[in-house]
Structures are given as structure tokens and as C-alpha cells.
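Welcome, and thanks for taking a look at this one. Below is a short tour, grouped by topic, to read alongside the coordinates.

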Amino acid sequence: MTPSDAAGGVVPTLDATQLAQSVPGLSSVANIKATALRQLPSASLGYGDLMAALTWAEQQIADGACGVVLTQGTDSLEETAFLLDLFWKLPQPLIVTGAMRAPQAAGADGPANLLAAVRTAAHPDSVGRGVLVLMNDTAHYARWVSKGDALAVQAFVSHDGGVAARIVEGRPTFFHAKPARPQPLARPVRDWPKVALVTAVLGDDGELAEMAVNGGYEAVVIAAQGAGHVSFGFAERISRLTTQVPVVIASRAASGSTASQTYGYVGAEIDLARRGAHLSGWLSALKSRLLVVALLASGVAPAAVGEALANWSKLTRQ
């Protein structure tokens, strides 16, 4: 991002070569091949852009690269990293990074993030960990990372799973053994489906969720209150919706899992599961939506979404 008088703020203008040249010492870390794939604000990235980036990254590994770094804006970074991770089949690391401050700002973080990302991509301890997000000298697993602050340099957090590594003296120090990763998904075989994300709020009877299904959405993810709870009226609508499309219940909280066998009142997780809804477990609402999108696009039948969701939403260990 660089300043634009016409736009009144910063806009994406730097290409990959310019970004690489702005980082002192980068050429001494690894042999760098820089390619500009897109120049878009991250909120305007689409599924096709990400699949093109994935194909490009796979080709770099096939051509001999030991790792790949993708840079983008941070607005959608937690989503794009997870979507890439769903399809990334290679042991070599794919690192996603960005910047919270524009290049002209005092203390711009972009060069440091890019340098740390390349160092992490080139390090053997990063192999087999899937897609990582590298920001502020901290590596996060794509599955756990979220943007916890709109503007702060330390914006990215991993509330439940914890950070993957810290960059200390130029190398990543990982805190845990490599996690067991679910089987990556097959590449999409159909158009990307529309999957709604609806947040349950005070006084909500679920009308928006029903409107989404009536409008052609193929599944609904509900960011429910607490550990996966909605109102009486919302619960009644869910009974009808689950006969038409997959319905996933996640928590709207910043961290924590949905419950499964604690609350039994109407609209609580036990009741919603009986009505045919799927509980997202530890997977956030944002990432539950992306998983359902990717599953349907990959040819998974709507009736099989629940089983696949359970596979991805549980805690994974070696």
C-alpha cells in the first residue's frame, strides 16, 4: 500500500519485486523468485484469485522451491490462509503475511514481516505444518489464527490453539510438535456455492437465515450466542431449514468451542443437534463457513457435510 492523493488514502500499488527490494538482507536469506499475482485490496480477493495463487505456489515447489510466501492485505488474511490450508497438500511450508502499517508510516512492519516469513519458509522445522500466517515475529496456524484488532501491529492472535512459533534471532522456534492435519480437500469441481453467515443476536427469530435459504444460499452457518445457542423462534426456523440445506452452529464468541451435551433447553446445542444442525466444535464461524463452501465446491454431498465438518473441527494431535 502506498499513498494516493486521488484516493485520499493508501492503495495497493507495489509489485512483488518492489516489496522484495524493500527488505534489507532478504537476498542473503534465500534465493528469491518474486512474482506479482494480483494487486487488489484483500477484501476484494475472490475464490478464483486464491485458487490461482494455490496453483502458482504448487508450481514453485515443483520447480524446486523449499517454501512459498504469499503477501496480501490483512483484512481477509485469516480467511484466505484457512482456505488455502484446506487445499494445501504439500509438506513444504506456505506462509501468508502482510502489514498493518503502510510503507511511509514510522515503524512500518511490512519489511520485517516479509523477512520473517521468508526465514520461516526456508527453515526445515516449518515442513509439514501446512499454511502458516506470519505477522509481528509470530507464526500462527491457519486453522487457529484470527484478526483480533482492526489496526494494531499485534493484530493477529490464536486464542485457542496458541501461536505456532516465535521468530527469535532470525529463526522460528516452534512450541509444539507438528499437528496431525486432516486430509486436504480435492480441488473444486463445480461453481463456488453461496453459504450464508448469520449472527444470532438479541431478539432474533432467525428470519435472515430463512431469507438466505429462500434466496438460493446452499447452506447456513449461524454464529450463535454462547456455546451454540439461539432463541426459541430461531430454533423453530432451524427445524425447517435443516430439511433443505446444511445448517452449522458455531459460537459468535472470540474463542472457545461449541458445547455438545451441556444445555438441553429449546435453542441450546442439544436441542439444535436434534433438529438436524451440525455443531462446529472448535472451528470459528468464519472458518466454518469457508469449510462448508470448500466442501460443497469439492463435490461433497450436502448430507455428508456434517461428517466432514466433525473431522476438521476437532482438536488434532500427532
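Contact here means heavy atoms within 4.5 Å. Please keep in mind that this is a predicted model.

**The annotated site**

- In its unreviewed entry, UniProt places the feature "binding site" at Ser-42, Thr-74 and Asp-75. These residues are spread over 34 residues of sequence, yet they cluster in space, with a largest C-alpha distance of 6.7 Å.
- Ser-42 sits in the loop that runs between α1 (16–21) and α2 (47–62).
- Is Ser-42 buried or exposed? Its relative accessible area is 5%, and because the cut-off for buried is under 20%, Ser-42 counts as buried.
- Once neighbours within four places in sequence are set aside, the contacts of Ser-42 are Gln-72, Gly-73, Thr-74, Asp-75 and Ser-76. Two of the annotated residues, Thr-74 and Asp-75, are therefore among the residues that Ser-42 contacts, given the 4.5 Å limit.

**Val-23, in the loop between α1 and α2**

- Val-23 also belongs to the loop between α1 and α2, and a relative accessible area of 6% makes this residue buried.
- Along the chain, Val-23 and Ala-112 are 89 residues apart, while their C-alpha atoms are separated by 7.3 Å.
- Leaving out neighbours within four places in sequence, Val-23 is in contact with Pro-111, Leu-114 and Leu-115.

**Pro-246, in the loop between α6 and β13**

- You can find Pro-246 in the loop between α6 and β13 (247–251). Pro-246 is buried, with a relative accessible area of 6%.
- What does Pro-246 touch, not counting residues up to four places away in sequence? The list is Glu-218, Ala-219, Val-220, Pro-302 and Val-305.
- Of these, Pro-302 is 56 residues from Pro-246 in sequence, and the C-alpha to C-alpha distance is 6.1 Å.

**Helices α5 and α6**

- The axes of α5 (residues 207–214) and α6 (residues 232–241) come within 9 Å and cross at roughly 20°. Because angles under 35 degrees count as roughly parallel, α5 is roughly parallel to α6.
- The crossing of α5 and α6 is left-handed.
- On the α5 side, the meeting residues are Glu-207, Ala-209, Glu-210 and Val-213; on the α6 side, they are Phe-234, Arg-237, Arg-240 and Leu-241. The residues of this contact comprise four nonpolar, four charged and no polar ones.

Methods
Residues numbered from 1 in each chain as written. Predicted model: local features only at pLDDT ≥ 70, side-chain atom pairs only at ≥ 80, totals over all residues. Heavy atoms only, no water. Axes fitted to C-alpha atoms, helices over the stretch in contact; angles between N-to-C directions. Helix = DSSP H or I, 4+ residues; strand = E, 2+ residues; numbered from the N terminus. Parallel < 35°, antiparallel > 145°, perpendicular 65-115°, else oblique. Left-handed = near helix turned anticlockwise from the far one by under 90°. Nonpolar A, V, L, I, M, F, W, Y, C, P; charged D, E, K, R; others polar. UniProt positions renumbered as here; feature names shortened; annotations may be inferred. Buried < 20%, exposed > 50% of the residue type's maximum accessible area, 1.4 Å probe, protein only.
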